[in-house]
Amino acid sequence: MSAGHPLGLAPSKIIAVHLNYRSRAAERGRTPSQPSYFLKPPSSLSGHGAVIERPDGCRLMAFEGEIALVIGRSARRVAPEQAMAHIGWLAAANDAGVYDLRYADRGANLRFKGADGFTPVGPVLVDPAGVDLADLRLRTWVNGTLVQDATTAELIFPVEQLVADLSRLTTLEAGDIILTGTPAGASVVEPGDTVEVELGTTGRLANLIVDAGEPLAVYGAMPRCTEADRADAYGGARDSADPPALDERTAALLNSVSTATLSSVLRTRGLQHMFVEGLRPARPDLRMLGTAHTLQYLPLREDLFADRGAGMNAQKRAVEQIGPGQVLVIGARGEAGSGTIGDILALRALRRGAAGIVTDGGLRDSPSFAGLDLPTYHGPAHAAVLGRRHVPWAVGVAVACGGVLVEPGDVLVGDAEGVVVIPPGIAGNVAAEASELERQERFIHEQVAAGASIEGLYPLGPARRAQYQAWVDAGEKETR
């Protein structure tokens with residue numbers, strides 16, 4: 001082993017698993033049937049105390065707390081029951097990456113996750129014989145705040161299977177490193193942040209994020225990202241069908257029309273159940289527009305709450321993963337007998353750029369929301385915490401909220417009347433139709449105010465079309 005790493009690690013290869021924790025699979029909205037992998041170059045290896053440089057121009061620097069397996073002796077075509085004999089050590093690791101460069105790798109992850117220093121491992125090597133590898137705790141902190149908390153009991157593919165699977169076709173050499181996947185809670189960090197990862201109580205691997213300090217040469221692909229990249233970086237669910245972000249024109253139109261008008265347009269398209277029922281606005285003076293970031297609550301089961309409700313549970317992960325322009329949509333089954341979110345978590349969501357909160361359950365600390373500049377729509381107020389009726393279950397999955405099925409990425413518009421949900425693929429057309437409908441209604445209102453009959457006027461009939469078009473043309477001339 002080389003003296004270049006504080007622990008003497010010198011792998012011939014570093015192999016990372018794409019998706020291997022059930023909580024992470026829930027975030028992504030998919031569960032793999034077989035493990036899949038990518039390679040990180042040995043030059044990406046670093047250790048405890050090393051800085052991680054964010055390349056110039058990148059904004060989506062992400063951490064992933066992981067367990068690293070260090071191969072102790074060569075493994076070739078070993079069965080799962082033989083795998084433990086080939087694992088020499090365990091260590092905490094951080095599978096760092098910049099989502100701004102993922103597009104350029106076409107799935108290889110070389111620039112995305114292979115930069116120098118992007119694989120810190122340490123601070124100590126742990127003998128696997130001294131831990132319960134079937135239930136080993138992994139935790140990650142950012143600036144002292146716990147953001148990941150899981151055990152290997154949550155692994156989709158146990159470590160023995162990973163070693164056996166990889167060794168079918170690839171010889172695992174002594175010193176090689178296998179990164180076994182990350183649980184939910186991985187997200188974006190900024191220069192100045194410190195990421196710490198710990199296995200059990202063996203000590204924290206700590207690394208400071210810094211700016212690279214020099215421009216990225218223009219010899220190849222330069223940083224850029226899509227909404228899908230941003231969603232993945234912050235931990236949200238995504239698939240290949242995800243819609244693009246709202247364009248400025250669509251956003252402006254949606255902000256100019258009422259939810260009543262939008263509901264009318266959606267009904268003409270056969271979508272009869274898109275208005276979220278039974279909710280009230282905490283701030284009727286605030287308008288809301290954003291895309292759905294979902295949180296699912298299931299009915300309370302005390303034995304499951306003990307596991308799901310503690311630590312960095314789904315509720316807290318949902319708040320820590322929400323990104324700018326997103327609306328936290330909580331599916332709470334219309335259960336009013338407990339609060340589903342309170343003022344502190346709401347404030348944290350606001351600081352992360354959230355566009356609003358929508359919950360069909362109770363609202364805790366409801367008086368505080370009157371002074372919070374965050375549009376919030378909720379059921380009855382209730383002082384009790386969620387553990388009275390709910391288990392926080394999953395982030396980034398489809399939820400039922402106020403009688404509406406809401407998927408991650410759906411568009412939500414809120415005004416003093418309530419909230420309407422719009423499928424993202426038709427948001428632009430719906431916005432344009434709603435804007436036109438409201439212009440017609442302004443014309444109709446003027447005519448009725450002047451004493452006109454509503455016959456043939458409301459709704460606008462063929463006999464009135466020419467008069468309406470003249471009214472539109474006159475209005476356009478005045479604005480020129």
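Visitor: Which residues of H3 are buried?

Guide: Some ground rules come with that. This is a predicted model, where local features need pLDDT of at least 70, side-chain atom pairs count only at pLDDT 80 or more, and totals for chains, interfaces and linings use all residues. Residues are numbered from 1 along each chain as its sequence is written, and side-chain values use heavy atoms, with hydrogens and water left out. Buried means under 20% relative accessible area, exposed means over 50%, and partly exposed is in between (1.4 Å probe, protein chains only). Helices (H or I, at least four residues) and strands (E, at least two) are DSSP runs numbered from the N terminus. In H3, the buried residues are Val159, Leu162, Val163, Ala164, Asp165, Leu166 and Ser167. That makes 7 of its 9 residues, and H3 is mostly covered.

Visitor: What covers the buried residues of H3?

Guide: Think in terms of contact, meaning heavy atoms within 4.5 Å. The cover includes E1, E2, E6, E7 and E12. H3 (residues 159-167) lies across those strands and runs at about 75 degrees to E2. Angles run from 0 to 180 degrees between N-to-C directions, and axes are lines fitted to C-alpha atoms, for helices over the stretch in contact.

Visitor: What is the order of the strands in the open sheet?

Guide: Two strands pair if DSSP finds at least two bridges between them. Here, 7 strands form an open sheet in the order E2-E1-E12-E6-E7-E9-E3, and the pairing is mixed. E2 (37-40) and E3 (45-46) sit at the edges with a single partner strand each, so one side of each has no neighbour in the sheet.

Visitor: How many bridges join E6 to E7?

Guide: E6 (residues 65-71) and E7 (residues 87-94) run antiparallel and are joined by 7 bridges.

Visitor: How many salt bridges does a search of the whole structure find?

Guide: Side chains of opposite charge can pair when their charged atoms come close. The cut-off for a salt bridge is a side-chain nitrogen of Lys or Arg within 4 Å of a carboxyl oxygen of Asp or Glu. The search turns up 21 of them. Take Lys113 and Asp95, whose side chains meet at 2.9 Å, N to O. This pair links distant parts of the chain, with Lys113 in H2 (residues 110-113) and Asp95 in the loop between E7 and E8 (97-98), 18 residues apart. Both Lys113 and Asp95 are buried.

Visitor: At what angle do H8 and H9 pack?

Guide: Read the angle by its class: under 35 degrees is roughly parallel, over 145 roughly antiparallel, 65 to 115 roughly perpendicular, and the rest oblique. H8 (residues 314-321) and H9 (residues 343-351) pack at about 30 degrees, with axes 8 Å apart. They are therefore roughly parallel to each other. Gln315, Val319 and Glu320 in H8 meet Leu345, Arg348 and Ala349 in H9.

Visitor: What share of the protein chain's residues is buried?

Guide: Buried residues make up 52% of the 480. The chain has 11 helices and 26 strands.
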